[in-house]
Amino acid sequence: MTTTSNVHYQVSVDPQRHELTVCMRLTGDLARGRIRLETPTWVPGDYSFAPLARELFELQAHDSHSGAPLPLWRDGWQAFVVDGGAGDVTVRYRASAYAAEFGEQAGIVDSEYAVLLGTRYLHSPDHAGPCSVSYELPEAWRASIHHPSGATPLGANGWRYPSYEILLDTPVVMGGYRLLERTVQGTPFYFAFVDSGVGFDEGVEAFVDQVAQVTAGFGRMFGTFPFEDYTFVLSLNPAAEWGLEHLTSTMCGLSQDVFVDPAQNAIGVRVCAHELFHAWNVRRLRPAPLLQLQHALTCGSFSEGLWMAEGFTRYYEFLSCTRAGIYSPGQFFSSVVGYLEHLRAVPAYERVSAADSSLATYLNHPKYPGRPASSIDYYDKGMLIAFDVDATLRLGSNTQTLDRSFRGFFEEYLSGGPDHEGYTNDDVITYFDSQRAGLGAQIGAAVRHPGGLGTEALLGELGFAVQHSTVLQLGIMFLNQGAPAIYNVLDNTPAGNSGLAPDDVITGINGYPYTPAALAWASAKTAPVALEVLRGHRRLIFSVTPAPQSKISALIWAGNETQAARLATWLENDFAPLPGERFATEFYENFHGIETVV
């Protein structure tokens with residue numbers, strides 16, 4: 001006899017122990033015979049495999065009716081097997097839930113709040129259908145729970161989800177948090193701050209207003225919002241390196257100085273803009289094969305289209321913030337130049353395509369020694385491809401824009417490509433060629449081959465004279481404020497031929513102690529530089545002679561009033577530069593980290 005399968009989770013939250021107790025009940029055919037249960041190995045939007053099963057302990061299985069214990073054992077890295085099911089099985093276990101490294105994939109149970117997703121709940125890979133969850137909370141928390149849209153409420157603190165994938169995609173906030181709300185074009189947007197920082201009370205309302213302004217821009221671009229409501233789950237904890245999009249929500253980590261430092265405030269708005277744009281681009285419009293994820297939660301899902309899913313999103317994070325007045329037009333174009341220069345600085349730019357970089361994301365998303373030789377950031381190249389496409393469309397017509405074309409692509413490929421697994425690079429090329437003849441070939445050259453960007457030439461066509469300068473450099477790369485520890489060595493530079501290696505720590509320059517100013521001074525001269533480094537327990541000395549390198553140093557306005565008006569319309573911002581006006585190109589922000597080459 002065939003009976004309908006069902007899965008229900010009863011989850012008890014223990015804030016003091018930072019633990020969950022999960023009671024999972026399986027009924028129907030799913031609960032017969034030998035049952036395989038798994039935690040995900042990977043969750044959408046997080047391009048790495050995580051050992052989430054390490055947090056589970058005290059696993060027990062029983063027949064739900066008789067209470068008789070059932071055999072249960074571990075099977076491989078992330079799975080467990082229960083044997084002898086007779087149609088109604090209960091699996092009970094506890095789970096640690098405070099690993100900061102798993103915060104954005106699996107949530108966290110703090111002593112004052114919790115953010116929970118379905119990642120720590122075992123699931124059956126054979127059951128793609130609905131499931132339900134009910135939460136048992138401490139007395140003080142029972143009236144304090146916020147659930148994004150996408151599931152059906154089941155009484156007090158219970159919800160039914162269309163699938164386990166939706167459960168994975170829905171962070172539930174509970175405990176001590178502060179909830180703010182804005183209504184944008186008739187749609188509620190919630191801001192759940194799980195902690196605060198200096199200046200919170202004075203600055204939070206203005207911050208929320210800025211994000212709402214960006215939100216309104218996206219609503220105008222797409223004509224509507226693809227959700228009933230949307231929730232930003234926000235933390236100022238430096239350990240909360242969150243930045244993960246969900247179907248009707250996102251989890252974002254903000255700087256602890258977001259309300260007292262204007263630069264950090266702008267970055268916080270931009271991070272929210274990036275993750276919100278994903279509600280259209282990647283959570284609904286998905287590159288193949290990301291439209292079919294149920295059976296990819298164990299093995300991962302490899303896509304050649306992440307350059308568009310992430311890169312176009314990065315482009316709109318900057319463009320939307322410029323349109324909202326968070327950044328100036330000069331900062332927008334400086335960002336374009338900065339991303340171009342940082343991308344062209346790495347040898348891999350001339351070696352690796354955007355498509356290959358997308359496919360290799362599980363290998364190249366984290367930073368590692370040797371990365372500049374073998375990998376580019378598909379976020380960065382995708383952003384510049386988007387800029388190039390937008391510029392090409394606007395230069396060729398007074399009405400064609402990436403805003404309109406991308407909305408059309410979204411509407412056409414929302415349900416996937418011909419095989420319904422998502423759109424392909426061929427679909428992208430064909431579609432954009434229909435928007436303007438030759439545009440498909442332009443995208444193909446930038447996506448399928450190394451290099452291939454026309455950004456610098458397009459800046460000239462838009463009205464900027466691109467000014468270059470020659471600088472001397474060693475070819476040593478530092479990450480953020482990590483100097484004197486060498487992050488990477490560019491293999492096609494003098495440093496790459498010297499014997500220097502990633503993780504070497506510079507201790508001396510030309511026989512004197514290291515200082516940042518001394519390194520900058522010596523690297524700007526033509527004479528060989530003697531670098532003393534500490535490599536593990538060894539002290540080594542290498543001689544490196546700086547070599548000339550051409551870089552964009554400024555954009556000079558050489559355009560006319562028509563060109564200026566085009567840019568003003570594009571950026572939805574006042575733009576009336578004087579002839580010869582100089583735009584500096586020092587502004588550059590990247591939440592993947594600032595890589596500096598000396």
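## Histidine 62 and its strand

Histidine 62 stands opposite proline 69, a residue of strand E4. This is a predicted model. E4 covers residues 69–70 and is joined to strand E3 by 2 bridges, with the two strands running antiparallel. E3 and E4 form a hairpin. Between them lie 5 residues, and glycine 67 in the turn has a positive phi of about 80°.

E3 spans residues 56–63 and also pairs with strand E6, residues 79–96. That pairing is antiparallel and runs over 6 bridges. Within it, glutamine 60 stands opposite arginine 92 of E6.

## An open sheet

Four strands form an open sheet in the order E7-E8-E13-E10, with antiparallel pairing. Strand E7 (107–109) and strand E10 (145–146) stand at the edges. Each has a single partner strand, so one side of each is left without a neighbour in the sheet.

Glycine 107 has leucine 116 in E8 as its bridge partner.

## Two nonpolar cores

The largest nonpolar core holds 116 residues. Phe193, Phe207, Trp307, Tyr315 and Phe432 touch the most other members. Helix H3, residues 200–222, gives the largest share of this core, 11 residues. A second, separate core has 46 residues, including Met24, Leu59, Phe80 and Trp141.

What does phenylalanine 207 touch, leaving out residues up to four places away in sequence? Its contacts are Phe193, Leu234, Leu254, Val258, Phe259, Asn265, Gly268, Val269 and Cys272.

## The loop between H4 and H5

Helix H4 covers 262–277 and helix H5 covers 306–323; phenylalanine 302 lies in the loop between them. Phenylalanine 302 has 41% relative accessibility, so it counts as partly exposed. With Phe49, Trp77 and Leu359, Phe302 makes a nonpolar surface patch of about 400 Å².

Glutamate 304 lies in the loop between H4 and H5 too. It is partly exposed, at 31% relative accessibility. Not counting residues up to four places away in sequence, glutamate 304 touches Ala288, Ala355, Ser358, Leu359, Thr424 and Asn425. Leucine 236 is 68 residues from glutamate 304 in sequence and 34 Å from it in space, C-alpha to C-alpha.

## Salt bridges

The count of salt bridges comes to 29. One of them joins aspartate 83 to arginine 34, with the closest N and O atoms 3.2 Å apart. Aspartate 83 is in strand E6 and arginine 34 is in strand E2 (residues 19–38), so the pair ties together parts 49 residues apart in sequence.

Aspartate 169 and arginine 283 form another salt bridge, with their closest N and O atoms 2.5 Å apart. This pair links distant parts of the chain, 114 residues apart. Aspartate 169 sits in the loop between helix H2 (164–168) and strand E13 (172–175), and arginine 283 in the loop between H4 and H5. Both count as buried: aspartate 169 has 5% relative accessibility, and arginine 283 has 4%.

## Within a helix, and a network

Arginine 407 and glutamate 411 meet in a salt bridge through their side chains, at 3.1 Å from N to O. They are 4 residues apart in helix H11 (residues 402–413), so about one helical turn separates them. Arginine 407 is partly exposed, at 30% relative accessibility. Elsewhere, salt bridges that share partners join Glu19, Glu58 and Arg94 into one network.

How values were computed. Residues are numbered from 1 along each chain as its sequence is written. This is a predicted model: local features need pLDDT of at least 70, side-chain atom pairs count only at pLDDT 80 or more; totals for chains, interfaces and linings use all residues. Side-chain values use heavy atoms; hydrogens and water are left out. Two strands pair if DSSP finds at least two bridges between them. A nonpolar core is a set of buried Ala, Val, Leu, Ile, Met, Phe, Trp, Tyr and Cys residues joined through side-chain atoms within 4.5 Å. Buried means under 20% relative accessible area, exposed over 50%, partly exposed in between (1.4 Å probe, protein chains only). Contact means heavy atoms within 4.5 Å. Patches are made of residues with over 30% relative accessible area and no salt bridge: like charges are joined within 9 Å, nonpolar side chains (Val, Leu, Ile, Met, Phe, Trp, Tyr) within 5 Å. Accessible areas come from the Shrake-Rupley method with a 1.4 Å probe; for residues, only the protein chains shown count as cover. A salt bridge is a side-chain nitrogen of Lys or Arg within 4 Å of a carboxyl oxygen of Asp or Glu.
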